[in-house]
Amino acid sequence: MRIYLIGYMGSGKSSMGKKLAARLGYSFLDLDSLIEEEQKQSVSDIFAEKGENAFRSFERLALHQTFEMENIVVSTGGGTPVFFDNMSLMNEKGLCIYLKSDSDVLVNRLLPNQHLRPLIAKLSKEELSVFINEQIKKRSPFYEKAKMHIEARDLTPAILHVQVMRWFENQQKV
Ligand code: S3P
C-alpha cells in the first residue's frame, strides 16, 4: 500500500507523514528530499538555476519512482497534484489524503521558514496571505480529488492513524 499526503505548503504533510509511517510500520519518503538528493541541489537552487518547469519534471520523475515502492507514506510537494497527470496517478496507485488548512494558519506556519520555499520567499506577510488564498483557489480542484479529506487543524497522528485504518477496513469489505 502507498499513502500520499497532499495539500498546501505548511499543512503538515511531512511531520504528519513521518508519524503516520511510524505508526503503520511503513517507510517514509519526502518527495522534495528525493529530488534534492538526486539533483544534488536544494529545491530553492533548482528553481533559481533551472527554473520551475525543470523542477516539475524532476518532481514527476520522483513521483513515478514511488509507484515501485510498497508500504510507504509519501509526503508530496504542495504543487505535485497540480501538474501533469500526477493527481490521477496518485489516486490510482495509492490512497491520497488531503490535509486541509485555512490560509491564516498557513500564513503563520510559513512565515518563519519562508526563505526555504522559492514560490513565496520574497513576499511580505500581506502579499503571502493574498498569494496563498489565490493559489488555494486554483489548487483546490486538484486537492479535492483525493479519496480522503482531513482538516489539518487539531489533527493528531493518532486521529490520522485511526482514519487510515478505518479506510483500510472499509476497502476490505468492498
Ligand atoms: C511547492 C511546494 C514545496 C516544494 C516547492 C514547490 C509548491 O513543497 O515542492 O517549493 O508548488 O507548493 P512543500 O509543500 O513540502 O513545502
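Thr 80 sits in the loop that runs between strand 3 (72–75) and helix 5 (86–93); helices (H or I, at least four residues) and strands (E, at least two) are DSSP runs numbered from the N terminus. The model is predicted, so local features need pLDDT of at least 70 and side-chain atom pairs pLDDT 80 or more, while totals for chains, interfaces and linings use all residues. Residues are numbered from 1 along each chain as its sequence is written, and side-chain values use heavy atoms, with hydrogens and water left out.

**Exercise 1.** Decide whether Thr 80 is buried or exposed, then list its contacts.

*Solution.* Start with the accessible area. Thr 80 has a relative accessible area of 0%, so Thr 80 is buried (under 20%; exposed is over 50%, partly exposed in between; 1.4 Å probe, protein chains only). Next, look for contacts (heavy atoms within 4.5 Å). Setting aside neighbours within four places in sequence, Thr 80 touches Leu 31, Arg 56, Glu 59, Leu 63, Asn 86 and Met 90. Finally, check the side chain: it reaches the backbone nitrogen of Gly 77 at 2.9 Å.

**Exercise 2.** Find which residues come nearest to the ligand, and give the distances for Lys 13, Arg 56 and Gly 78.

*Solution.* Then take the distances to ligand oxygen atoms. A polar side-chain atom of Lys 13 is 2.7 Å from one, and an N or O atom in the side chain of Arg 56 is also at 2.7 Å from a ligand oxygen. For Gly 78, a polar backbone atom lies 2.8 Å from an oxygen of the ligand.

**Exercise 3.** Describe the largest cavity: its volume, its lining and the element that gives the largest share.

*Solution.* A cavity is a set of points on a 1 Å grid over the protein atoms alone where a 1.4 Å probe fits but cannot get out, and lining residues have an atom within 4 Å of a point. Points are joined across faces, edges and corners, and the volume is the space filled by probe spheres set on them. The largest cavity holds about 40 Å³. Its lining includes Tyr 8, Ser 11, Leu 106 and Tyr 143. Strand 4 (95–100) and helix 7 (125–143) each supply at least two lining residues, and strand 4 gives the largest share, three residues.

Technical notes
On a 1 Å grid over the protein atoms alone, a cavity is a set of points where a 1.4 Å probe fits but cannot get out, and a pocket is an open set with protein on both sides within 12 Å along at least five of seven lines; lining residues have an atom within 4 Å of a point. A polar contact is a pair of N or O atoms within 3.5 Å; within protein, one must be able to donate a hydrogen and the other to accept it, and residues adjacent in sequence count only if both atoms are side-chain atoms. A residue is near a molecule or strand if one of its heavy atoms lies within 4 Å of it.
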